[in-house]
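Open the model in your viewer and keep the sequence panel beside it. The stops below say what to select and what is there.

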Amino acid sequence: MRDKTVSSPPLRFLIYPAQGEVREHVRAEFFARALSQRVGRPIVVEMARTYEAIDQELAADRVDIVWATAEQCNAFEPKARAILRAVRAGRYHYHAALICRASDPLTLKQLQGTRAAWVAPMSTGGHLLTVRYLEAQGLAPSEVFAEQRFVGSYRNALLAVVEGAADMTSLFTTHPDEYTVRARLAERVGGAARHLTSFAFTGPTLADGLILTSRLSETDSAAIVSALTTMTHDGSGLDPLLGSFNIEGFALASSQGLVRPFSPAQRTEFLAAEVDAEERCSRLWSFTGMAFGQDVSGREGLSLEEALPPEASALLGALVRATRHSGVGGRVEYRLETGGESRLYTAEAAPRGAPSGETAPRTTLLVRDITEQQSLEVDLYRLASFPLLHPEPMMELSLVGALRYANPAANHAFPDLQVLGASHPLVETTLEWVRRGKPGESPPLVHHGGRYWELMVSVLQETDALRLFVKDVTSRKQIEARLLHADRMAALGSLASRVGHEMNNPLAFLMANLSFAREEIGRLRESLRSDSTSSRLEDLDEVMDALGESLDGAERLKTIIQDLRTLAREPPTHRARVDLHPVLEDALKLVRNELRHRARLEKDFQPVPTVEADEARLGQVFLNLMINAVQAMSEQDAQRNVLRVSTRTGPAGEAIVEVQDTGAGMTPEVLSRLFEPFFTTRSNSAGMGLSVSHAIVTSLGGTLRAESELGTGTLFTVTLPAT
């Protein structure tokens, strides 16, 4: 490749949607790389979403090379630098064959009321050519057909006819005869081709091909034309590159006729020889008349050593002798220094019977220069191995969820994939998302195996398959959840601060008045007691009870307001150095009575640094965690249950406190909302304890985390910075 490739801006090469398969797209990329090496300019391949998108890009002059339909080539020809028409079966034009079911043959006169399946509105062979042909016969498709629909590909259109969903379609063909059509049908639908037949042919049209736009310079355009019209037949072994376009080569043709014939001069070395038992070359032929850097014309009758350079003849002679003695063909690759550069060759030898009048068999020899092909194959294998080596899970499914392929990453991430098949959560979600078919909808998300997986789904119309890329977004979802939680807490904190302030004054009046009323009624009851009026005393007792309950409610409301103000991120008012072990011991004393009936206690207090905190607020945190842990364990499993409280020093010198239970555990959904204010799974709880504890710990610069598993238990971890 010339140095120019590195510094020149890339050429934009647009291919139309029919080239959408991964295999075909890789080959198109490979084709672009080969072309890039030959013209000395980098070429970037892109796939257009629709045929209409190609028209838009051409009209806006935003593309250099376009693989276009015949219609687009014809329409854009006056503005283009050149149009390179595709050559198939030696022809650069084609026809459209009208196809129907073999069991229900049609004629043009029998089309009235039938159903047509077309490829796409801008497909020449699959729609436009046939429509124009019918109109020329006086048959307007809109009046003739009871139904017309577009199905996206030749394969889908043909299968629609086979399955009875349509009565006719059209297929491009290089020759208007049944034999060529049968080959095309087999290529598209395999064994189903026997159920189809042709009943009419259109006239010819120039083939589809490549548009070289005016964005290209004359020099670049000429280089591309030269490269493309010689790529296939110059002996370089690059024929597979054109397989993605289903063609044999390119011809520089226009509506005025063939500009350059499809018989390009050969360039790369290609040597064929027939060697007799004496190792003499009875036949010796090369495309260019050159082999291994020297002229080999007119050397028939000479030995290999005389006809070829020594470094080549020695190796080829050994291959010929091995083939003659074993009777089995052989192949070898080797490098030779030719013209001052290292070239890679492949040589193949095969035994051949003795010619008439001779007894000794001969050996045929074929030698090709594959330097360019080998350098390109490195990129081809890298591109083609993408699904296999992709680091994230990738799958291909049928339209009903049958697993066709899963790369190693998919089988590793989902070991149950092969077992569950179509009932696997990822597959079920994929099928449901495809069924809904809402354009622009966000990729589906699946929670499976304790992790969150984002699915990217694409429908492969040509093969009736679904391609599925799966990305682990657990970390992202956790970050989003924390950000959402922080946002909610900030909003709630601001609200709590205002609400708490507004409620404090009326609550103070309410509590003062309740206390005053209770005291006054108490004195009144004592005075009435001396009058021995039992009925009136009973009434007063009920009033006293009601006032007591009201006062308890007011006290509880006061506590909630204090908790709300804590959520407002108000810093603790009395900070000091705090030793965590005494605070934990005090909290354990408060839960010891209830703990005795539910679980046994295990303590593991390792040395920890002191922390700067409000001791009372910190005690409230540990008490909340222990109460939650104790209440999560059932009295029926008291012998098995364990409350474990431990402390240790973290790797960065921080203090770590862990409170672990062996209770019922929590679901991922409950765990994700654990620190939300007012969220609770118990009917007798306000749902403030853990949210307040979280607010206290974070106000001290620490973290409060929870881990839980159903049937195993829950672990709370408090991390606080050292003083």
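Two strands pair if DSSP finds at least two bridges between them. Helices (H or I, at least four residues) and strands (E, at least two) are DSSP runs, numbered from the N terminus. The model is predicted: local features need pLDDT of at least 70, side-chain atom pairs count only at pLDDT 80 or more, and totals for chains, interfaces and linings use all residues. Residues are numbered from 1 along each chain as its sequence is written, and side-chain values use heavy atoms, with hydrogens and water left out.

**Stop 1: the mixed sheet**

Select β27, β29, β30, β32 and β31. In that order these five strands make an open sheet with mixed pairing. At its edges stand β27 (600–605) and β31 (703–709), each with a single partner strand, so one side of each has no neighbour in the sheet. From one strand to the next the twist averages 10 degrees; axes here are lines fitted to C-alpha atoms, for helices over the stretch in contact, and angles run from 0 to 180 degrees between N-to-C directions.

Zoom in on β27 and β29 (residues 642–649), which run parallel and are joined by six bridges. R600 has V642 in β29 as its bridge partner.

Contact means heavy atoms within 4.5 Å. Then show helix α19 (residues 580–596), which lies across β27, β29, β30 (655–661) and β32 (713–720) and runs at about 175 degrees to β27.

**Stop 2: the antiparallel sheet**

Select β15, β14, β20, β19 and β18. This open sheet has five strands in that order, and the pairing is antiparallel. Its edge strands, β15 (281–286) and β18 (330–338), each pair on one side only. Neighbouring strands are turned by 20 degrees against each other on average, direction ignored.

Which residue of β20 stands opposite A273? It is L365. The strands concerned, β14 (residues 270–275) and β20 (residues 362–369), pair in the antiparallel sense over six bridges. Helix α11 (residues 310–326) lies across β14, β18, β19 (341–352) and β20, at about 175 degrees to β18.

**Stop 3: a hairpin and the next strand**

Select residues 445–448 (β23) and 451–460 (β24), an antiparallel pair with four bridges. They form a hairpin with two residues between them, and G449 in the turn has a positive phi of about 65 degrees. H448 has R451 in β24 as its bridge partner.

**Stop 4: aromatic rings**

Rings of Phe, Tyr and Trp (its six-membered ring) pair if their centres lie within 6.5 Å; planes under 30 degrees apart count as stacked, over 60 as edge-to-face and the rest as tilted. The count is seven aromatic pairs. Show W67 and F250, an edge-to-face pair at 6.0 Å centre to centre with 75 degrees between the planes. W67 lies in β3 (residues 65–68) and F250 in β12 (residues 249–254), so the pair ties together parts 183 residues apart in sequence. Both W67 and F250 are buried (under 20% relative accessible area, with exposed over 50% and partly exposed in between; 1.4 Å probe, protein chains only).

Finish with Y94, Y154 and F172, which ring pairs link into a cluster.
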